[in-house]
Amino acid sequence: MDIRILGSEKEIGAAAGRLYVDFINANPTCVLGFATGASPVPTYDYIAQSCRQGKVSLKGVSTFNLDEYCDLPRDHKNSYFTFMCENLFSRTDIDMANVDFLDGNADPDEESARYAAAIKAKGGIDIQLLGIGRNGHIAFNEPGDKFTDEAWRVALTQSTIDANSIYFDDIPMPRYAITMGIGSIMRSKKIIMIATGASKAEAVKNMIKGPVTPACPASILQQHSDVTVFLDPAAAALL
Ligand code: GLP
């Protein structure tokens with residue numbers, strides 16, 4: 001793993017954002033896997049700003065997102081689809097026909113097969129962006145007793161519900177989500193992980209220094225050959 005510790009969230013956003021801008025300019029029809037949560041927002045800001053300034057175009061890019069809540073309308077303000085539209089897509093020239101998203105209201109098995117086929121048809125994901133949960137989850141793959149493969153419907157853990165319910169002020173946070181599996185994430189050609197803040201320090205330590213175990217799903221990244229991890233000093237404190 002290529003571990004880069006930078007001074008602030010903004011510096012991380014600029015460094016990761018630059019990496020995307022350069023990659024898209026070199027590969028205008030690339031396939032990108034995106035993530036939600038607070039961690040990637042400065043990176044999305046950088047990409048959107050670069051697009052506005054004419055330094056990059058997302059017109060030819062295809063995207064897949066990691067996960068989506070179940071039992072929540074796609075146009076709800078807290079859906080991950082809405083999050084991506086607000087934080088990135090609507091701020092760029094991306095063609096929404098090239099944006100694919102897991103449907104949290106579809107039959108999970110059929111949706112999983114559809115998503116796997118769609119990713120394969122595009123030639124796989126070139127760069128997958130990841131955050132990490134406080135319990136070491138990636139996407140919504142919660143700690144468990146085995147590593148998952150393709151997309152699946154997951155019952156969220158209390159740790160994740162506690163972390164994410166702050167965003168739900170009108171309805172209770174959904175208890176289920178559909179998420180790309182660990183196998184689908186590991187098949188990405190390159191992975192970029194962003195973790196900031198003291199609440200991630202323990203998970204980051206387990207991911208990098210701990211054993212590879214489904215009890216810390218992010219630890220599987222030790223077995224991927226091209227992972228870049230961006231950390232701020234607080235998230236790196238236990239390394
Ligand atoms: C959610 C998402 C993850 C994300 C995690 C951390 O659970 N499903 O993909 O990595 O939150 O989010 P944040 O970056 O807001 O800490």
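**Ground rules.** I number residues from 1 along each chain as its sequence is written, and my side-chain values use heavy atoms, with hydrogens and water left out. As the model is predicted, local features need pLDDT of at least 70 and side-chain atom pairs count only at pLDDT 80 or more, while totals for chains, interfaces and linings use all residues.

Entry 1: I began with the shell around the ligand, which holds 13 residues; a residue is near a molecule if one of its heavy atoms lies within 4 Å of it. Ala 38, Ser 39, Asp 67, His 137 and Lys 200 come nearest. I then sorted the shell by class and got five nonpolar, six polar and two charged residues. For that sorting, Ala, Val, Leu, Ile, Met, Phe, Trp, Tyr, Cys and Pro count as nonpolar, Asp, Glu, Lys and Arg as charged, and the others, Gly among them, as polar.

**Entry 2: polar contacts.** Next I looked up pairs of N or O atoms within 3.5 Å, the cut-off for a polar contact. One oxygen atom of the ligand is 2.7 Å from a polar backbone atom of Ala 38. For the side chain of His 137, I found an N or O atom 2.8 Å from a ligand oxygen. A ligand nitrogen is 3.3 Å from a polar backbone atom of Ala 139. The protein covers 91% of the 390 Å² of accessible area that the ligand has on its own, with areas from the Shrake-Rupley method and a 1.4 Å probe.

Entry 3: Which pocket does the ligand take? Its space is the largest pocket. I searched on a 1 Å grid over the protein atoms alone, where a pocket is an open set of points that a 1.4 Å probe fits, with protein on both sides within 12 Å along at least five of seven lines. A molecule sits in a pocket if more than half of its atoms lie within 2 Å of its grid points.

**Entry 4: two positive phi values.** I came back to Ala 139 for its backbone: phi is near 50°, a positive value in a residue other than glycine. Ala 139 is in the loop between strand 6 and strand 7 (152-155); helices (H or I, at least four residues) and strands (E, at least two) are DSSP runs, numbered from the N terminus. Ala 139 is buried because its relative accessible area is 9%, and buried means under 20%, exposed over 50%, partly exposed in between. I also noted Asp 71, where phi is near 60° and again positive in a non-glycine residue. Asp 71 is in the loop between strand 4 (67-69) and helix 3 (80-87), and counts as exposed at 55%.

Entry 5: Tyr 44 lies in helix 2 (residues 41-52) and is buried at 0%. Tyr 44 and Ala 16 are 28 residues apart in sequence and 9.2 Å apart, C-alpha to C-alpha.

**Entry 6: two last stops.** Ile 127 is in strand 6 (residues 127-130) and buried at 0%. From Ile 127 to Gly 144 I count 17 residues in sequence and 25 Å between C-alpha atoms. His 224, in the loop between helix 7 (201-209) and strand 10 (227-231), counts as buried at 11%.

Conventions:
Polar contact = N/O pair within 3.5 Å; in protein donor to acceptor, adjacent residues only side chain to side chain. 1 Å grid on protein atoms, 1.4 Å probe; cavity = no way out; pocket = protein on both sides within 12 Å on 5 of 7 lines; lining within 4 Å. Buried < 20%, exposed > 50% of the residue type's maximum accessible area, 1.4 Å probe, protein only.
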